[in-house]
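Okay, everyone, thanks for coming. Let me put the model up, and then I'll talk you through it.

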Amino acid sequence: MPLTDLNRPLGQDKPARVNRPWGRWLATAAAGLVGTVLLGLLLVVALRRDPDGGEPMAVASIEKHAAPPVAVSAGPDPGTNPGPRGPASAAQLESNAGVTVYRPDSDAPGAIVITVPDDAGPIKLAPAPDDRLVERTRYGLLPKTAPDGATPAQIYARPLGPAPATKPAGRVALIVGGLGISQSGTSDAITRLPPQVSLAFAPYGTELERTVQRARGEGHEVLLQLPMEPFDYPDNDPGPHTLLTGPKSSDNLDKLHWSLGRFTGYVGIINFLGGRLTADEGALSPILRDLAGRGLLVVDDGSSARSQLAPAASRAQIPALRIDRTIDTVARADAIDKELANLEAMARDQGIVVAAASALPVSIERIAQWAQSLEAKKIAIVPVSAARGFRNPKSTGSLGPGSRPAGSLPTGSPR
């Protein structure tokens, strides 16, 4: 009996499924094709590494044209106003000037090297320490004259720079001392005073080498202040390692070397106090004999009328100077201004005057203010190392035969 639709078991009349493997093959092939395409794109990106990939690009052709011929003129056209023309090369300049120039890598035995400052920038001092100018001791690096005759007074000095357009009516060499102990006072002196002002550092204080090199980096040449015995010692004590007279003078060389080794780059020494020592030539002689081979300038601070420091140094073949005036003996602004005006008059009269001041805040402030007015007055400040070169044998400070001691003033002049 045939089954009706209602009696036929559900799902039992479906046709048997036929196994068709080509479907799996098609799916596998499609997946492989997609993978191949992705792998190819990755390889292109990795191997090409185009830095401009994705950026708009344009191609421009560059054509080379021959340079137009330049007409050579036999001479300037009187109808034209050509601009300034220079030599085609350094060699042409030397040939036109008739000067033979030896470069640093050329063989020029015994040649004198002249350093010409760059007008466009600040004057730079020679680096310190210079290996030729130091000897190593237990107290550090002490100055000495180099085997070729170069001296610290020459190498570490501040260059004068280009000559001024008009001759100065007078020059002032100014030393500001007492630096290295007070950090604020030292910093003010370095930054506020004109770089032509020479700075004198006491052998005390911390980080002296770094501070001195900062001062030199700002263009100031520097000196070392040597503590020396005053008449009222020890009530008035300059400090440790003071150079003394009498039986204790046998230790002076050891004390001298301690002070000399405190920093490098100074052009010379200047006494700090020392009325008794500088009046005792017997006590001075061993000190000056030691200094004679060190190539230093010796400056007498002018504080004692009985001082033999400058003339004794001159006899020992040491370049020496004596301070003409100390401008802040009275540490008031009006008194300092008056002394600075006196310096201008002395500079006009003598050609050059050598002065000293302490690193007091009022002194630094008045000197800085005064220096701004000097250009209009045709007064120039020069480093103390240059002062001897401007000395006139007829003026104060001459060290010539038969003259009075360096820097001394006529009898009755204020000190």
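First, the ground rules. This is a predicted model, so local features need pLDDT of at least 70 and side-chain atom pairs count only at pLDDT 80 or more, while totals for chains, interfaces and linings use all residues. Residues are numbered from 1 along each chain as its sequence is written, and side-chain values use heavy atoms, with hydrogens and water left out.

So, the overview. We have 13 helices and 11 strands; those are DSSP runs numbered from the N terminus, H or I of at least four residues for helices and E of at least two for strands. Of the 415 residues in the chain, 38% are buried. Buried here is under 20% relative accessible area, exposed is over 50%, and partly exposed is in between, using a 1.4 Å probe and protein chains only. If you take contacts between residues at least 6 apart in sequence, 68% of them join residues at least 24 apart, where a contact is heavy atoms within 4.5 Å.

Now the cores. By nonpolar core I mean a set of buried Ala, Val, Leu, Ile, Met, Phe, Trp, Tyr and Cys residues joined through side-chain atoms within 4.5 Å. The largest one has 55 residues, and L199, F201, L260 and L291 have the most contacts inside it. Leaving out residues up to four places away in sequence, L291 touches L256, L260, I269, L296, V298 and I318. Apart from that core lies another, of 22 residues, with L133, I352, V382 and A387 among them.

On to helix 5, residues 208-217. Which of its residues are buried? They're L208, T211, V212, A215 and R216.

E207 itself is in the loop between strand 4 and helix 5, and its phi is near 55°, positive in a residue other than glycine. Just after helix 5, G219 has a positive phi of about 100°.

Next, the loop between helix 2 (90-97) and strand 1, where we find D130. D130 is buried, at 18% relative accessible area. A polar atom of its side chain lies 2.9 Å from the backbone nitrogen of R132. P129 is in that loop as well, and the peptide bond from A128 to P129 is cis, with omega near 0°. Y233 and P234 are also joined by a cis peptide bond, with omega about 5°.

Last one: Q317, in the loop between helix 9 (309-315) and strand 8 (320-322). Its phi is near 65°, again positive in a residue other than glycine, and Q317 is exposed at 69% relative accessibility. Okay, over to you.

How values were computed. A polar contact is a pair of N or O atoms within 3.5 Å; within protein, one must be able to donate a hydrogen and the other to accept it, and residues adjacent in sequence count only if both atoms are side-chain atoms.
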